[in-house]
Amino acid sequence: MQSKLKKVIQPPEFLGILGGGQLGRFFTIAAQKMGYSVVVFDPDKQSPAGKIAEKHICKPYNDLKALDELKASCRAVTTEFENVPAKTLRYLEKDIIVRPSSKAIAIAQNRIKEKNFLKKIKTTEGLMPVGTYVVIDSIESINNIDEKLRIFPGILKIAEFGYDGKGQIHVNNKTELEAAFKTFNNVPCTLEKKLNLESEFSVVLARSVDGEFIVYPTIHNSHDSGILELSSIPYMGLNPQILNIVDSDADMAKKFEKLKKYKDNIYINLTKSIANELSYIGVMAVEWFVEGGRKYINEIAPRPHNSGHFSIDACVYNQFDQQVLALTGNKLKQPEVEFPRSVMLNILGDLWFRDGAQKEPKFEMIAGLGIKLHLYGKAEPRIGRKMGHITILGLRDETQEDVMNRALSILGKLKSL
Ligand code: ADP
Ligand code: MG
């Protein structure tokens, strides 16, 4: 296995991906562009990635025979989401390369393990800033909550399988907490203090087999009902006064340098230390909260991240290219940000259900320079389901504010298509 791990996997070999959603689809596209073939493992016949891959194994994640078929089909496998059972990854890991490792995914897929892991990490910047939380796994654990923590109002989150704000209930006191815990059938949860968020940002980076990093610009994120709505670069939250001085690419470059020197460097370094701690190979995103100027770590995504989708259109090498490079044991590539001001808007299934009846949105209404529409090929729109996204690329003479205004006007239009 050791010698196998060192070798670079060359095209046209097969690469495997667990999960066939939009992240798997972008991975497949990136891999195929580099000459690889892809086998997608996803129980959904209609999965967006399964439709375009060379091979689709359409079986449940615990089907050992199907996993044997996957092992026989490729030398290395990665994952597009953290909810693949860690057991499945460990089974694959016995015979083929799994990057990131089952250990990394097992931590990121369970909020309790994740928080316990994070709070122990010591870095050159100090301890990881984890917000106030307690583990709720029994009625007793509710009764035992220390009043001094002042944890209410809080958010009860199921430890596993939550995504896009699902599996979360806001609670104001122990009575509501007990009811919420029951709603979740008493499965293990975390209860987090609800922060008064002034902004959210994410750091997306990749770490190679040799432990080398590439880092994307820090991304500003805003959510609606727990689902990402808009992401933009550059992230101004740490240094908002620079917002108005940008009017040329030269200024922009200077600003990035300035930003890099102080504030967000800390969070990039903290994110790197998480990846180092996990001997991580692949793309990792870390979501951060800002409250009253203080930063708290929210969660680790052990994969490319929705907020990193700007990189598909704004960079020479996007986050999925890095996922392929890391998986195959290649050196990573500098992202080369060609459009340092850009905004991404998510398109949810809600758009299909205006006025009660289901109808196709009129995307042709969204037109203009530097605007790219991506649809994921999902057969069935559903409320809250991610169906696609739009990238708005900052044109040469546009300021950050101009691009944001264009994005906001598109967001308004989207809601009336
Ligand atoms: P998911 O796994 O669904 O992404 P998150 O824990 O990231 O779950 O929560 C989704 C969103 O809900 C966050 O991005 C943030 O906007 C909001 N949120 C989550 N936890 C908190 C918190 N402790 N305080 C305030 N807002 C929160
Ligand atoms: Mg999240």
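Two strands count as paired if DSSP finds at least two bridges between them. Strand β14 (residues 219-224) and strand β15 pass that mark, with five bridges in the antiparallel sense. The model is predicted. This briefing covers its strands, helices, salt bridges and ligand contacts.

**The hairpin and strand β15**

- Strand β15 spans residues 227-233, and seven of its seven residues are buried, so the strand is largely enclosed by the rest of the structure.
- β14 and β15 form a hairpin with two residues between the strands.
- In this hairpin, S225 takes a positive phi near 50 degrees.
- H223 has L228 in β15 as its bridge partner.
- β15 also pairs with strand β18 (residues 342-348).
- That pairing is antiparallel and has four bridges.
- Across it, S232 stands opposite V343 in β18.

**The open five-stranded sheet**

- Five strands make an open sheet with parallel pairing.
- Their order is β3-β2-β1-β4-β5.
- β3 (55-57) and β5 (97-98) stand at the edges.
- Each edge strand has a single partner, so one of its sides is left without a neighbour in the sheet.
- Strand β1 (residues 14-18) and strand β4 (residues 76-79) are joined by four bridges in the parallel sense.
- In this pair, L18 stands opposite T79 in β4.

**Helices on that sheet**

- Helix α2 (residues 22-33) packs on the sheet and touches β1, β2 (37-41) and β4.
- The direction of α2 makes about 170 degrees with that of β1.
- Helix α3 (residues 64-73) also packs on the sheet, with β1, β2, β3 and β4 as the strands it touches.
- The direction of α3 makes about 155 degrees with that of β3.

**Salt bridges**

- Side chains of opposite charge can pair when their charged atoms come close.
- The model has 15 salt bridges.
- One of them joins the side chains of E192 and K115, at 3.3 Å from N to O.
- E192 lies in strand β11 (residues 189-193) and K115 in helix α6 (residues 111-120), so the pair ties together parts that are 77 residues apart in sequence.
- Are these two residues buried or exposed? E192 counts as buried because its relative accessibility is 7%, under the 20% cut-off. K115 is buried as well, with a relative accessible area of 5%.
- K115, K157 and E192 are linked in a network of salt bridges.
- Another salt bridge joins K372 and D313, whose closest N and O atoms are 3.3 Å apart.
- This pair links distant parts of the chain: K372 is in strand β19 (residues 371-375) and D313 is in helix α11 (residues 310-314), 59 residues apart.
- K372 is partly exposed, at 41% relative accessible area, whereas D313 counts as buried at 10% relative accessibility.
- The side chains of K182 and E178 also meet in a salt bridge, at 3.9 Å from N to O.
- Both residues lie in helix α8 (residues 174-183), four residues apart, which is about one turn of the helix.
- E178 is partly exposed, with a relative accessible area of 27%.

**Around ligand 1**

- Which residues come nearest to ligand 1? Of the 19 residues around it, they are K157, G165, E200, N298 and E299.
- E299 has a side-chain N or O atom 2.8 Å from an oxygen atom of the ligand.
- L195 uses its backbone: an N or O atom there lies 2.8 Å from a nitrogen atom of the ligand.
- E192 has a side-chain N or O atom 3.2 Å from a nitrogen atom of the ligand.

**A buried serine, S202**

- S202 lies in strand β12 (residues 199-207).
- S202 is buried, with a relative accessible area of 0%.
- Beyond its neighbours within four places in sequence, S202 is in contact with T218, I219, N221, V286, E287, H305 and S307.
- Among these contacts, I219 and N221 belong to strand β14 (residues 219-224).

Technical notes: Residues numbered from 1 in each chain as written. Chains lettered and ligands numbered in written order. Predicted model: local features only at pLDDT ≥ 70, side-chain atom pairs only at ≥ 80, totals over all residues. Heavy atoms only, no water. Contact = heavy atoms within 4.5 Å. Axes fitted to C-alpha atoms, helices over the stretch in contact; angles between N-to-C directions. Salt bridge = Lys/Arg side-chain N within 4 Å of Asp/Glu carboxyl O. Buried < 20%, exposed > 50% of the residue type's maximum accessible area, 1.4 Å probe, protein only. Near = heavy atom within 4 Å. Polar contact = N/O pair within 3.5 Å; in protein donor to acceptor, adjacent residues only side chain to side chain.
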